[in-house]
Amino acid sequence: MFKQDTKQHDPRRCGCTLHQLRHSRLTHLAEDGWSAPMLMALSGHENIRSLAIYTNVSTEAVGAALAQQDPARRHC
């Protein structure tokens with residue numbers, strides 16, 4: 001049912017799986033700054049390598065995180 005209902009939102013019109021939804025959720029949380037231990041606790045992963053498969057953080061998210069840490073942006 002989920003795959004059928006998500007076809008309209010999928011550019012390939014194939015629909016999404018619940019497994020893909022799991023990947024997306026963990027990736028978005030990682031992009032929002034959740035730590036690896038928090039993500040592991042949420043997802044049930046016991047190994048950081050298996051968690052890494054699920055967290056495909058975008059280059060845009062990395063750039064935004066770096067920009068937040070830029071000393072030039074900080075105010076005294």
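A nonpolar core, as I use the term here, is a set of buried Ala, Val, Leu, Ile, Met, Phe, Trp, Tyr and Cys residues joined through side-chain atoms within 4.5 Å. Buried stands for under 20% relative accessible area, exposed for over 50%, and partly exposed for what lies in between, with a 1.4 Å probe and protein chains only.

**Ground rules.** I am working on a predicted model, in which local features need pLDDT of at least 70 and side-chain atom pairs count only at pLDDT 80 or more, while totals for chains, interfaces and linings use all residues. Residues are numbered from 1 along each chain as its sequence is written, and side-chain values use heavy atoms, with hydrogens and water left out.

**Core.** I looked up the largest nonpolar core first, and I find that it has 7 residues in all, namely Leu26, Leu29, Ala30, Leu39, Met40, Leu51 and Tyr54. Two or more of these residues come from each of α2 (18-31), α3 (36-43) and α4 (48-54), where helices (H or I, at least four residues) and strands (E, at least two) are DSSP runs numbered from the N terminus. The most is given by α2, with 3 residues. As background, I note that nonpolar side chains in soluble globular proteins tend to be buried together.

**Leucine 26 and leucine 39.** I then listed contacts, meaning heavy atoms within 4.5 Å, and left aside neighbours within four places in sequence. On that basis leucine 26 touches Leu39, Leu42, Ser43, His45, Tyr54 and Thr55. Leucine 39, which has its place in helix α3, counts as buried because its relative accessibility is 3%. With its neighbours within four places in sequence left aside, leucine 39 is in contact with Leu26, Leu29, Ala30, Trp34, Leu51 and Thr55. I also took the separation of the C-alpha atoms of leucine 39 and leucine 51, which are 12 residues apart along the chain, and it comes to 7.8 Å.

**Alanine 36.** Helix α3 also holds alanine 36, which is partly exposed, at a relative accessible area of 31%. Apart from neighbours within four places in sequence, alanine 36 has contacts with Ile48 and Leu51. Between the C-alpha atoms of alanine 36 and isoleucine 48, 12 residues apart along the chain, I read 7.5 Å.

**Serine 24.** Within helix α2 I picked out serine 24, which is partly exposed at 33% relative accessibility. From C-alpha to C-alpha, serine 24 and tyrosine 54 are 7.8 Å apart in space, although 30 residues separate them in sequence.

**Loop between α1 and α2.** Arginine 13 has its place in the loop between α1 (2-5) and α2, and shows a positive phi of about 60° although it is not a glycine. I note that arginine 13 counts as exposed, because its relative accessibility is 53%. Glutamine 8 lies in the loop between α1 and α2 as well, and is exposed, with a relative accessible area of 56%. For glutamine 8 and asparagine 56, 48 residues apart in sequence, the C-alpha to C-alpha distance is 23 Å.

**Whole chain.** Last, I stepped back to the chain, whose secondary structure comes to 5 helices and 0 strands. The radius of gyration is 16 Å, well over the 11 Å that the globule rule gives for 76 residues, so the chain is more spread out than a compact globule; this radius is taken over C-alpha atoms, and the rule is 2.2 Å times the number of residues to the power 0.38. The C-alpha trace spans about 55 × 30 × 15 Å along its principal axes. I have 21% of the 76 residues as buried. Of the contacts between residues at least 6 apart in sequence, 32% join residues at least 24 apart.
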